[in-house]
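Subject: Structure handover

Hello,

Here is the structure for your files. Please open it next to this message; the notes on what was found come after it.

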Amino acid sequence: MSGPSPTLHRKAWALIALGSGLFLTLTGTAAILWHHVLWLTMMPHPHSLIPVLGVTLVATGMAVVAWGRAVKAGYRLITSHRQWSHRIRSRLMPFPTPPVWPSARWHFYAGDDFSGFTWGVIRPHIAVSRSFWDRLTESERLAVMWHEAHHARYRVPLEKVLLALLDALYPGWGYGQVLRRLVVTEEILADRWAIEALGDDTPLISALLKWLPSDGHALDTSVGWEDALSARIRFLEHPTLLEEPPSIVSPVLATTALEVAMLAQGIIFWCH
């Protein structure tokens, strides 16, 4: 079961590492510049203090803005997760030992607002709606489990949280677009993984049809579901057509340019 899945997630993690590196670079550069300012003030005849101080204040302002956005986004994500966790945990029920990806924690879910979902930043959890499960045949159940196991295998919930944080840190840089494309493409790759595992697309298609009400609109309210559902239907109709993975060119260029500039600035003043 090789293919685009590892490539997609390697790109996502490379982008996460780059964005996280910029955040650390902003903080480190500001600290280095303040160290240089203090060193200049201790010299008998300080020179070039005003330009250095100006650059230091700009770098400090950027670092403060980044930290403020990080704290605000982190608080919002933690609060949202607590509310969501409180809502679902009372509805979780024991799940028999699954034949698929037992390293994740599996649960039944007593509700009809989700068919199945994966969550967990530290350790993946997978839940499947009990009422939905009871309507499935054995092969359809396996298809659903393989689909959700793909999300757990590639730690998709953690990727989504980190990309959401980076989008809040650097709004307009393209991280949000990458996140939305990742959600859609990952759903298709999970479908393909389930089909490859079973050697047949019929169980997955029939399970998806059982989830769709008679009006053809899914009940699922997860982020990006409508786009993902359309893409999944296109893929199942034409299995040779795979959704294009998200382009990371825009956020990579923006992040790299600023990171190089900040690093160069810090090195120049450190060696001054």
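A residue is called buried when its relative accessible area is under 20%, exposed when it is over 50%, and partly exposed in between, using a 1.4 Å probe and protein chains only.

The model is predicted, with local features needing pLDDT of at least 70 and side-chain atom pairs counting only at pLDDT 80 or more, while totals for chains, interfaces and linings use all residues. Numbering starts from 1 along each chain as its sequence is written, and side-chain values use heavy atoms, with hydrogens and water left out.

Overall

The chain has 9 helices and 4 strands, where helices (H or I, at least four residues) and strands (E, at least two) are DSSP runs numbered from the N terminus. Read from the N terminus, the order is α-α-β-β-β-β-α-α-α-α-α-α-α. The chain exposes about 14100 Å², of which carbon and sulfur atoms supply 66%; the area comes from the Shrake-Rupley method with a 1.4 Å probe. Contact means heavy atoms within 4.5 Å. Of the contacts in the chain with a separation of 6 or more, 68% are between residues 24 or more positions apart.

Helices α2 and α5

Helix α2 (residues 49-89) packs with helix α5 (residues 156-169) at an angle of about 140°, and their axes are 8 Å apart. Axes are lines fitted to C-alpha atoms, for helices over the stretch in contact, and angles run from 0 to 180 degrees between N-to-C directions. That angle makes α2 oblique to α5, since angles under 35 degrees count as roughly parallel, over 145 as roughly antiparallel, 65 to 115 as roughly perpendicular and the rest as oblique. On the α2 side, the contact is made by A66, R69, A70, A73, G74, R76 and L77, and on the α5 side by V161, L165, A168 and L169.

Two single residues

E148 lies in helix α4 (residues 138-153). E148 counts as buried because its relative accessibility is 6%. Beyond its neighbours within four places in sequence, E148 is in contact with G116, F117, T118 and I126.

R130 belongs to helix α3 (residues 130-134). With 34% relative accessibility, R130 counts as partly exposed. Not counting residues up to four places away in sequence, R130 touches M93, F108 and Y109. From R130 to D112 the C-alpha to C-alpha distance is 8.3 Å, and the two are 18 residues apart in sequence.

Regards
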